[in-house]
Amino acid sequence: MEKNRVRPQIWIGLGAVAVYVVFAAVLGNALGALAGPDDPTREFALSHLIPLPIAILLGLLLVHRAGWSGRVWREQPTPEMTPRRLWLVAIPLLAVLVPLGQVFTIPWAERALDVILIIAVGTLLVGLGEELYLRGILLVTVRERHGELVVMLVTASVFALAHIVGSLWHAVPPAVIAFQVSFLFLTGIVYYWVRRVSGRLWVAVLVHAFTDFVLYLGSAAGNPSEALATSADTGNPVTVVAQILLIVAVLLSIVSVIREDLRNRRAAREAPESAPS
């Protein structure tokens, strides 16, 4: 196992996320504004394809230099734990089913091939960047001193709050921002479980990227705030049922992670007592 060269601390994780927000939200929106109001594809390209690779490179450099690669990119999948909690597999499956149901509502004939390719690359960068910093670097630093409930809530909360910068930049009304934060908080919990159930960060990267890919193609927006506000039609039965089941599964998973923390604390207390004298 790779040895830590830098001890994971929460201030490092939060600081890293702040740096990512500066690149993704501040610099990204500043560059996107150069495209003007009538060219969402150019806005998307300028705001994603330039700042995100720089932020990702800095994140990868931090992970490598700190010696956290093994902990950031992989962990024991929950189905291999005791108890196995196989029902948690439903969360990543439903997380894929929701955008998959929206694929059929996208007006593909109106989307040029070059636009599709630009959005595919840009959303892959978003998935990699946000998962690397939030379910990777931040998760590792919070987990160093806290149980999984705190890890889940902190990473989901920071994920949701980090998007406020872009919403304020685009003058989104406060009520809409509040709704988006609530939605993104639940989404952050979903991505937390995608990582834990699979045991691999790259799975969360791909699920995140696919979700955003469908979101942008369906909305024809050039930035996240507009994409969230004018996303693809979600009225088809597959998406609606999948969303309801996903919300139920997320609520049940909160109970599950609380019980997991209780088991871990009990095991930690019992370990010294069972150790030979």
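These legends go with several close-up views of a predicted model.

**View 1**
Helix H1 covers residues 10–32, and helix H3 covers residues 51–66. The two pack at an angle of about 170 degrees, with their axes 9 Å apart. That angle makes H1 roughly antiparallel to H3. Who does the touching? On the H1 side, look for Ala16, Tyr20, Phe23, Ala24, Leu27, Gly28 and Leu31. H3 answers with Pro51, Leu52, Ile54, Ala55, Leu58 and Leu62.

**View 1. Two helices that cross: H6 and H9.**
At what angle do H6 and H9 pack? It is about 75 degrees, and the axes are 11 Å apart. H6 and H9 are therefore roughly perpendicular to each other, because angles from 65 to 115 degrees fall in that class. H6 brings Glu131, Arg135, Gly136, Leu139 and Arg143 to the contact. From H9 come Gly188, Tyr191, Tyr192, Arg195 and Arg196.

**View 2. A salt bridge between Glu144 and Arg71.**
Side chains of opposite charge can pair when their charged atoms come close. The structure holds 10 salt bridges, and this view picks out the one between glutamate 144 and arginine 71. Their closest N and O atoms are 2.9 Å apart. Glutamate 144 sits in the loop between helix H6 (113–143) and helix H7 (148–162), while arginine 71 belongs to helix H4 (residues 69–73), so the pair ties together parts that are 73 residues apart in sequence.

**View 3. Glu75 and its two arginine partners.**
Start at glutamate 75, which forms a salt bridge with arginine 143; here the closest N and O atoms are 3.3 Å apart. Glutamate 75 lies in the loop between H4 and helix H5 (90–103), and arginine 143 is in helix H6, so this pair links parts that are 68 residues apart in sequence. Glutamate 75 is buried, with a relative accessible area of 13%, whereas arginine 143 is partly exposed at 22%. Glutamate 75 also meets arginine 195 in a salt bridge, at 2.4 Å from N to O. Arginine 195 lies in helix H9 (residues 174–198), so this second pair ties together parts that are 120 residues apart in sequence. Glutamate 75 and arginine 195 are both buried.

Most residues other than glycine have a negative phi, and most peptide bonds are trans. So where are the exceptions in this view? The peptide bond from threonine 82 to proline 83 is cis, with omega near -5 degrees. Proline 83 is in the loop between H4 and H5, and that loop also holds arginine 85. Phi of arginine 85 is near 50 degrees, a positive value in a residue other than glycine. Arginine 85 counts as buried, at 10% relative accessibility. Alanine 171 has a positive phi as well, of about 55 degrees. You'll find alanine 171 in the loop between helix H8 (164–169) and H9. At 63% relative accessibility, alanine 171 counts as exposed.

Which residues form a nonpolar patch on the surface? They are Trp87, Val240, Ile244, Val248 and Leu252, and together they have about 430 Å² of accessible area. One of them, isoleucine 244, belongs to helix H12 (residues 237–274). Isoleucine 244 is exposed, with a relative accessible area of 52%. Alanine 249 lies in helix H12, but this residue is buried, at 7% relative accessible area. What does alanine 249 touch, leaving aside its neighbours within four places in sequence? The contacts are Trp87 and Ile91. Alanine 249 and tryptophan 87 are 162 residues apart along the chain, yet their C-alpha atoms are separated by 8.7 Å.

Note on methods
Residues numbered from 1 in each chain as written. Predicted model: local features only at pLDDT ≥ 70, side-chain atom pairs only at ≥ 80, totals over all residues. Heavy atoms only, no water. Patch = residues over 30% accessible without salt bridge, like charges linked within 9 Å, V, L, I, M, F, W, Y side chains within 5 Å. Areas by Shrake-Rupley, 256 points an atom, 1.4 Å probe, with all protein chains shown as cover. Salt bridge = Lys/Arg side-chain N within 4 Å of Asp/Glu carboxyl O. Helix = DSSP H or I, 4+ residues; strand = E, 2+ residues; numbered from the N terminus. Buried < 20%, exposed > 50% of the residue type's maximum accessible area, 1.4 Å probe, protein only. Axes fitted to C-alpha atoms, helices over the stretch in contact; angles between N-to-C directions. Parallel < 35°, antiparallel > 145°, perpendicular 65-115°, else oblique. Contact = heavy atoms within 4.5 Å.
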